[in-house]
Amino acid sequence: MWKYSGLRKLAVGIFAALIVAGLSAAAPEARAQQRGVDAAGHAWWQNAVFYEIYPRSFADSNNDGIGDLKGITSKLDYLKELGVDAIWITPCFPSPQVDFGYDVSDYEAIDPMYGTMADFDRLVAEGKQRGIRVILDFVVNHTSDKHKWFIDSESSRTSDKRDWYIWRDGKGPGQPPNNWLSTFGTPAWTFDPKTNQYYYHYFYPQQPDLNWRNPAVEKAMLDVTRFWYKHGVAGFRLDAVDTLYEDPNLTDNPVLPGTDKFGRPNMDEKYNKKLPEVHDAMKKLRSVANEYGAVLIGETWTTNVDQLRDYYGSKDDELQMPMDLMMTGFKGLSADEYRKHIAAVNAAGHWPTYVISNHDIVRSYTRYGDGEHNDDIAKMMAALYLTLRGTPILYYGEEIGMENNDPKSKDDVQDPIGKLGWPLEKGRDGERTPMQWNESVNAGFSTVKPWLPVPGSASTHNVADEMKDPDSVLSFYRTLLELRHSEAALLDGDYVSLNENNPNVLTYLRRYKGEAILVILNMSATVQMVPFDLSEAGFSAPKLEVLLTSFHKRVKGMFAKMPMEPYSVFIAKVTK
Ligand code: NOJ
Ligand code: CA
């Protein structure tokens, strides 16, 4: 029986149980603190909330239409208040910007468009003062074709750095070495008439793949990480790790039925992706990271949990945080699909890293919004990835319910894959638009026209307005993040799935030391009555304190089942 009253932060009893006042999380033991871990043995990055910043789009301090490092520094107080502990900045290194920074022409400098090394050092220092660590994006698979290594490499067949990239003879006149394709819609091989050979690139032709089989390349790349660790960087997000190695025999990939978004045959990329050697490189990067107490996050696109598990390393000696990107591919909101996935991830026995959006994927607001309950759905998705066991990575703007603003015509597209693949592939501009700070011109991002257009939704979904509204997506995020930082069960608790057969509602406990946090998520568009029994989870006469709901209506009374509004969230603390 639910005894229920009030709207938001309110108290509930089950079977008319006691109303319980707020309890604080148990203090971590001093000894554990000395080891840099909490009472449950967790390292800083396990308890941290990470926030991904696309620097071109976050805050423009010098009003040239492009965000920059000083802009990020100016928003650290906002991030602190939101509850962010670490920021991952996508590449801010010198770059011709063909792939908006993922084509790096110098790994050990800052692109003047974003500021100076002094600006970077100041960002790290200001972050430190606020307890916010800085993570950089390390593009390990390829450089820009304007990097001095590649300029040397392409200069002649006998140049010093020729073997730093993957050069091969064609099969015959006008015929590339094999059938591999670039994921960005072009061939994977570009012919260089000067030296009469082809070079390999999994991405754009301006992004030649490094040859990680060359020990000199490996050493140079490990040294890059040392350079940044000395600048106070707390770790790296490693770009495109799946593609680090290729079959040295250049075996053709099997051709599959159907075509891709660019109209080319589908391929099973078994000879140029996820080769076992990737794990050797991860181990080497990890051992340098260990010298600096740093964390490695992986851009690990996997199709199943076993593949993801491999990226932790058989001896936990590879990535601490291989991103679970699988949820971003779920087509709808199915409680069963999430339940099964979360169970599989937990069974794999490592610390998960959950992601629901990033700069390469349509924003979750747009993916799941039904036009009627969009803000409720945004809150429901937030409650999901911020209350699960593991570390969440929050993409900038998700906390205010930003939506995609896709280009309306091919001429408006900035992202080259959108130009090449239009209209099936519109590119990634839509999820990279300027952060919406307030209602003023250009959403307060810049006084001049930003590099990408601000969507109309900025008038309702922006930081300034949502700060004032207790029912906004932002207020919901802030409360959730506050709970993540104060409730030991949300950090350290195990995951116990409840009501396993309910196809519409995901219910679970995060259980820790005799107490728990109960999370109920209605993933459907209709009211769901949620039955409830915690006895098997060890709570036969539980007391509940409601911590957060997203309910619109005030509900009062005693219920045998919990009435959950469409796409609503109910979070409560459970004690014995
Ligand atoms: C993954 C990055 O997230 C994406 O933005 C980029 O285009 C490719 N890797 C190539 O670096
Ligand atoms: Ca700027």
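This is a predicted model: local features need pLDDT of at least 70, side-chain atom pairs count only at pLDDT 80 or more; totals for chains, interfaces and linings use all residues.

**Terms and values**

Colleague: Which residues of α8 are called buried, and what covers them?
Modeller: Val278, His279, Ala281, Met282, Leu285, Arg286, Val288 and Ala289 are the buried ones. Buried stands for under 20% relative accessible area. The cover includes β5 (133–139), α7 (215–230), β9 (235–239), β12 (295–298) and α9 (305–310). As a general point, an α-helix has 3.6 residues a turn, so residues three or four places apart point the same way.

Colleague: Why is Tyr312 called buried?
Modeller: Its relative accessibility is 5%. The cut-off is under 20%, so Tyr312 counts as buried. Tyr312 sits in the loop between α9 and β13 (321–322).

Colleague: Which residues does Tyr312 touch?
Modeller: Leaving out residues up to four places away in sequence, Tyr312 touches Asp317, Glu318, Leu319, Gln320, Pro322, His350, Trp351, Pro352 and Thr353. A contact needs heavy atoms within 4.5 Å. Pro503, in contrast, is 191 residues from Tyr312 in sequence and 32 Å away, C-alpha to C-alpha.

Colleague: Tyr312 also turns up in the lining of a cavity. How many cavities are counted, and what volume has the largest cavity?
Modeller: The count is one cavity of 30 Å³ or more. The largest cavity has about 40 Å³, so it passes the 30 Å³ limit. A cavity is a set of points where a 1.4 Å probe fits but cannot get out. The lining consists of Val305, Leu308, Arg309, Tyr312, Val345, Ala348 and His350. Three of the lining residues come from α9, the largest share. By class the lining has five nonpolar, one polar and one charged residues.

Colleague: What volume has the largest pocket, and what lines it?
Modeller: The space in the largest pocket is about 1,500 Å³. Its lining has 50 residues, and Thr183, Tyr202, Lys261, Lys273 and Trp301 lie nearest the centre. By class the lining divides into 16 nonpolar, 15 polar and 19 charged residues. Strand β11 (residues 265–267) gives the largest share, three residues.

Colleague: What makes β23 largely enclosed?
Modeller: Seven of the seven residues of β23 (residues 569–575) are buried, so the strand is largely enclosed by the rest of the structure. Both faces are covered: Val569, Ile571, Lys573 and Thr575 are buried on one side, and Phe570, Ala572 and Val574 on the other.

Colleague: How do you know that β18 and β20 pair with β23?
Modeller: Two strands pair if there are at least two bridges between them. Strand β18 (residues 515–522) is joined to β23 by six bridges, running antiparallel. Six bridges also join β20 (residues 543–549) to β23, again antiparallel. Both counts meet the limit of two, so both are pairs. Ala572 in β23 is the bridge partner of Leu518 and of Val546.

Colleague: Why are β13 and β14 called edge strands?
Modeller: The open sheet has eight strands in the order β13-β12-β9-β5-β4-β3-β15-β14, with parallel pairing. β13 and β14 (353–355) each have a single partner strand, so one side of each is left without a neighbour in the sheet. Inside the order, β4 (residues 86–89) is joined to β5 by four parallel bridges, and Trp88 has Ile135 as its partner in β5.

Terms used
Residues are numbered from 1 along each chain as its sequence is written. Chains are lettered from A and ligands numbered from 1 in the order in which they are written. Side-chain values use heavy atoms; hydrogens and water are left out. Buried means under 20% relative accessible area, exposed over 50%, partly exposed in between (1.4 Å probe, protein chains only). On a 1 Å grid over the protein atoms alone, a cavity is a set of points where a 1.4 Å probe fits but cannot get out, and a pocket is an open set with protein on both sides within 12 Å along at least five of seven lines; lining residues have an atom within 4 Å of a point. Grid points are joined across faces, edges and corners, and a volume is the space filled by probe spheres set on the points. Ala, Val, Leu, Ile, Met, Phe, Trp, Tyr, Cys and Pro count as nonpolar, Asp, Glu, Lys and Arg as charged, and the others, Gly among them, as polar.
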